[in-house]
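Me: Please show me the model, and then let us go through some of the terms used to describe it and check each against its definition.

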Amino acid sequence: MTQRMLRFVKTGQQRPEKRSADERREDFDEIYKEFAREKAAEQASRCSQCGIPFCQIHCPLHNNIPDWLKLTAEDRLEEAYEVSQATNTFPEVCGRICPQDRLCEGNCVIEKGFSSVTIGAVERYITETAFENGWVKPIKPRRELGQSVGIIGAGPGGLAAADRLRRKGYQVHVYDRYDRVGGLMVYGIPGFKLEKDVVERRTRQMIEGGITFHTSFNVGEDATLEELRARHDALLIATGVYKKRELKMPGVGLKNIHQALTYLTASNRTGLGDTVTEFENGMLDAKGKNVVVIGGGDTAMDCVRTAVRQGAKSVKCLYRRDRENMPGSVREVAHAEEEGVEFIWLAAPQAFLGDETVSGVKAIRMRLGAADASGRRSPEAVPGSEFTLEADIVIKALGFDPEDLPRLFGAPELDVSRWGTVHIDFRTMMTNLEGVFAAGDIVRGASLVVWAIRDGRDAADAMHSYLSARQAAEADLAKAS
Ligand SMILES: Cc1cc2nc3c(=O)[nH]c(=O)nc-3n(C[C@H](O)[C@H](O)[C@H](O)COP(=O)(O)OP(=O)(O)OC[C@H]3O[C@@H](n4cnc5c(N)ncnc54)[C@H](O)[C@@H]3O)c2cc1C
Ligand code: SF4
């Protein structure tokens, strides 16, 4: 049924139904159900169609949100999908896992006084409807171009670029050291936030559209950067950030102290049907164990919620600042609490206890002191407040840094920052190497899927300009000779 807009005055905010915490604890399925058609239209009709849509400004992709909300309210879903996919390669992914409270929804003008429009849920609904109705078609370039591009990394950054370049007709080859396509969308982010068949569905569409994937291909081992440069007319580096941050304290080398990504990858692989020896032998399985996760970001939230689903005896999250100052999304913390996770705010680890295998964490209470240079209040230890937590597994979720790409790629001439992120000229998206571009986390540091998509799309446009100019110059040269 067609709905009129500006309904926020009469109609309250309603998110799609959330499964109960008891039910969620039993599996790795997504926690929100799909909107029913009428509900999606009703919620979309709450949009005030304001003159300056802050939601659009604060969406990294500048999605044309007011227009697709209006089309949804008018039951014109195929057109809504056309508008939504014009700026987003993976609307079904962003609708699920963008931290909307910090991006589009957090800036919705009706948020003041009324709750925001449920933008993410409507975006997901539009795209799911499009897939169900066969409106999502494989890429079909208008003409094939002779030039070929190589993309290193099949995460959202690399895939967004691959999609856009293929649509223009380039011969696109994507190389990834993983055996599946999707990067952290497959091996990092757990299924309860993003089910894996959602990513696989897009991958199939890209293969049908003519993109060639070279999986289990480790650039640096299977080919150097120079070899790939010789193989393609342009290259994109979209390798993400995978160097784990370490803790320096007594006992850190004990058994059963794991890195977050090692733990999450084992869980995701097991869910995908792979045999993971360290999960089978119990090392990376939290079942029946006391689990302590260290960190306060979204990766820490994913670890605690995974441990709950594996059947842990207890799950505690240790974070050195308080709830208001944690980097993780407020919504994710609320989900974790509902599922039975215990948060120990203002506490930091001092040592890991145990003989060979960890048996506990010695921690100390913290308080927030003066603000540092970034304006954030620094945590400082409260003397004499030490305490001990029982732990059979400890997971370190402290963030990621870039790997040493110049060394890994056998390309010492590649220009990187002192943190290891790849330097690019932001007007051209090109690195200091001719025809080599970069995008995503490897340029901006650990960030979000939606930013990787934005970077991938920008890089694709920049590569197109570069390749067109090169082809024109070659044609001129051929004419002249
Ligand atoms: C646990 C976790 C949870 C997250 N949750 C969210 C969330 O809820 N919402 C959100 O928006 N973001 C989330 N993020 C962040 C998000 O996943 C990343 O910002 C995003 O995936 C970055 O995309 P990318 O394409 O730059 O890199 P990646 O997704 O990391 O992809 C890089 C790809 O490059 C490949 N690669 C690396 N080196 C090589 C090499 N030498 N040769 C060949 N291939 C190589 C890797 O195998 C990988 O497939 C999360 C991250 C983590 C770790
Ligand atoms: S892509 Fe993310 S930020 Fe943009 S509209 Fe969708 S959910 Fe909001």
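What follows is a short exchange on helix packing, an aromatic pair and the surroundings of a ligand.

Reply: This is a predicted model, in which local features need pLDDT of at least 70 and side-chain atom pairs count only at pLDDT 80 or more, whereas totals for chains, interfaces and linings use all residues. Residues are numbered from 1 along each chain as its sequence is written, chains are lettered from A and ligands numbered from 1 in the order in which they are written, and side-chain values use heavy atoms, with hydrogens and water left out.

Me: Why is H5 called roughly perpendicular to H7?

Reply: Helix H5 (residues 77–87) and helix H7 (residues 119–132) pack at an angle of about 110 degrees, their axes being 9 Å apart. Angles of 65 to 115 degrees count as roughly perpendicular, those under 35 as roughly parallel, those over 145 as roughly antiparallel and the rest as oblique, so H5 is roughly perpendicular to H7. The contact (heavy atoms within 4.5 Å) is made by Leu77, Ala80, Tyr81 and Ser84 of H5 together with Tyr125, Ile126, Thr127, Thr129 and Ala130 of H7.

Me: What makes H4 and H7 oblique to each other?

Reply: Helix H4 (residues 65–73) packs against H7 at an angle of about 60 degrees, with the axes 11 Å apart, and the two helices are therefore oblique to each other. Ile65, Trp68, Leu69 and Thr72 in H4 meet Ile119, Val122, Glu123 and Ile126 in H7.

Me: Why are H2 and H4 also described as oblique?

Reply: The axes of helix H2 (residues 37–44) and H4 cross at roughly 135 degrees and come within 8 Å, and H2 and H4 are therefore oblique to each other. Ala40, Ala41 and Ala44 in H2 meet Leu69, Thr72 and Ala73 in H4.

Me: How do you know which kind of aromatic pair Phe437 and Tyr466 form?

Reply: A search of the whole structure finds six aromatic pairs. Among them, Phe437 and Tyr466 have 5.6 Å centre to centre and 70 degrees between the planes, which is edge-to-face; rings of Phe, Tyr and Trp (its six-membered ring) pair if their centres lie within 6.5 Å, and planes over 60 degrees apart count as edge-to-face, under 30 as stacked and the rest as tilted. Phe437 lies in strand S15 (residues 436–438) and Tyr466 in helix H18 (residues 449–480), so the pair ties together parts that are 29 residues apart in sequence.

Me: Which residues are around ligand 2?

Reply: Those around ligand 2 (one heavy atom within 4 Å) include Cys59, Cys94, Cys98, Cys104 and Glu123.

Note on methods:
Axes fitted to C-alpha atoms, helices over the stretch in contact; angles between N-to-C directions. Helix = DSSP H or I, 4+ residues; strand = E, 2+ residues; numbered from the N terminus.
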